[in-house]
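Please look through the briefing below with the sequence and the structure side by side. It begins with a single residue and then widens to the strands, the helices, the core and the confidence of the model.

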Amino acid sequence: MELRNCPVCGKVFVFVTRNLCPECAAKEEEEFRKVKDYLYEFPGATMEEISEKTGVSTKRILEFLREGRLILKKENVNILLRCEMCGAPILAGRLCEKCAGDMKKKFGVVKTPKQSEDMKGRIHLSWYKRQKT
Ligand SMILES: [Zn+2]
Ligand SMILES: [Zn+2]
């Protein structure tokens with residue numbers, strides 16, 4: 001059992017998979033759900049608009065994208081996420097496919113989003129299909 005201090009509220013909690021106490025994790029989950037729902041309803045929304053309507057900071061929305069938790073679709077034309085290496089537009093994460101490939105060649109590994117609990121929040125295409133039918 002590993003005890004840690006929550007980086008958000010400072011409370012001590014038992015570390016399982018995420019570096020957040022259960023309360024803050026639940027709050028973050030709620031924020032993520034709001035952002036995801038808003039984007040689903042208004043695909044043309046800008047980051048600022050989502051932030052305004054959901055009360056979630058643009059910084060947090062960007063984190064969701066960088067973590068690969070929130071994935072943009074081609075309809076989400078007003079949110080631009082760029083590759084940190086070459087600036088090419090990407091839909092999620094930090095690097096475009098080309099740069100991720102280059103990194104892989106150079107270093108052998110590419111840091112990918114944690115395949116843990118966070119996967120639950122990911123938007124899968126199958127999820128959309130289920131919602132529509
Ligand atoms: Zn906390
Ligand atoms: Zn790139």
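## From one residue to the whole chain

Arginine 4 counts as partly exposed, because 14 C-beta neighbours lie inside 10 Å of it, and a residue is called partly exposed when its count falls between the 12 or fewer of an exposed residue and the 20 or more of a buried one. The model in which this residue is seen is a predicted one, and its secondary structure comes to five helices and four strands. Read along the sequence, these elements follow the pattern β-β-α-α-α-β-β-α-α, and buried residues make up 18% of the 133 residues in the protein.

- When neighbours within four places in sequence are left aside, arginine 4 is in contact with Phe13, Phe15 and Asn19.
- Arginine 4 and valine 16 are 12 residues apart in sequence, and from C-alpha to C-alpha they are 9.9 Å apart in space.
- Strand β1, which covers residues 2-5, runs antiparallel to strand β2, which covers residues 12-15, and four bridges join the two.
- Six residues lie between the strands in the hairpin of β1 and β2, where glycine 10 takes a positive phi near 85°.

**Helix α2**

- Which residues of α2 are buried? They are Met47, Ile50 and Thr54, and seen down the axis of α2 these buried residues fall within an arc of 65°, so they line one face of the helix.
- The face of α2 that is turned away from this buried side carries the exposed residues Glu48 and Glu52.
- The elements against which the buried residues of α2 pack are α1 and α3.
- Just after α2 comes glycine 55, which takes a positive phi of about 80°.

**Helix α3**

- In α3 the residues Ile61, Phe64 and Leu65 are buried, and seen down the axis of α3 its buried residues fall within an arc of 100°, so they too line one face of their helix.
- From C-alpha to C-alpha, lysine 59 is 9.5 Å from methionine 47 in space, while the two are 12 residues apart in sequence.
- Just after α3, glycine 68 takes a positive phi of about 80°.

**The nonpolar core**

- In soluble globular proteins, nonpolar side chains tend to be buried together.
- The largest nonpolar core of this model has 16 residues, of which Val35, Ile50, Ile61, Phe64 and Leu65 touch the most other members.
- Two or more residues of this core come from each of the elements α1 (22-41), α2 (47-54) and α3 (58-66).
- Isoleucine 61 touches Val35, Met47, Ile50, Ser51 and Val56, if residues up to four places away in sequence are not counted.
- Across the protein, residues 24 or more positions apart account for 34% of the contacts with a separation of 6 or more.

**Helix α4**

- How many of the 11 residues of helix α4 are buried? The number is zero, so this helix, which covers residues 97-107, lies largely in the open.
- Glycine 108 follows α4, and its phi is positive, near 85°.

**Confidence in the model**

- The mean pLDDT of the protein is 86, and 81% of its residues reach 70 or more.
- Confidence is highest in α2, at a mean of 97, and lowest in helix α5, residues 125-132, at a mean of 48.
- Over residues 115-128 the pLDDT stays under 50, and for this stretch the model has 14 contacts beyond four places in sequence.

Terms used:
Residues numbered from 1 in each chain as written. Chains lettered and ligands numbered in written order. Core = buried A, V, L, I, M, F, W, Y, C linked by C-beta atoms within 7 Å. Contact = placed C-beta atoms within 7 Å. Arc of directions from axis to C-beta. Pairing = 2+ DSSP bridges. pLDDT = per-residue confidence, 0-100.
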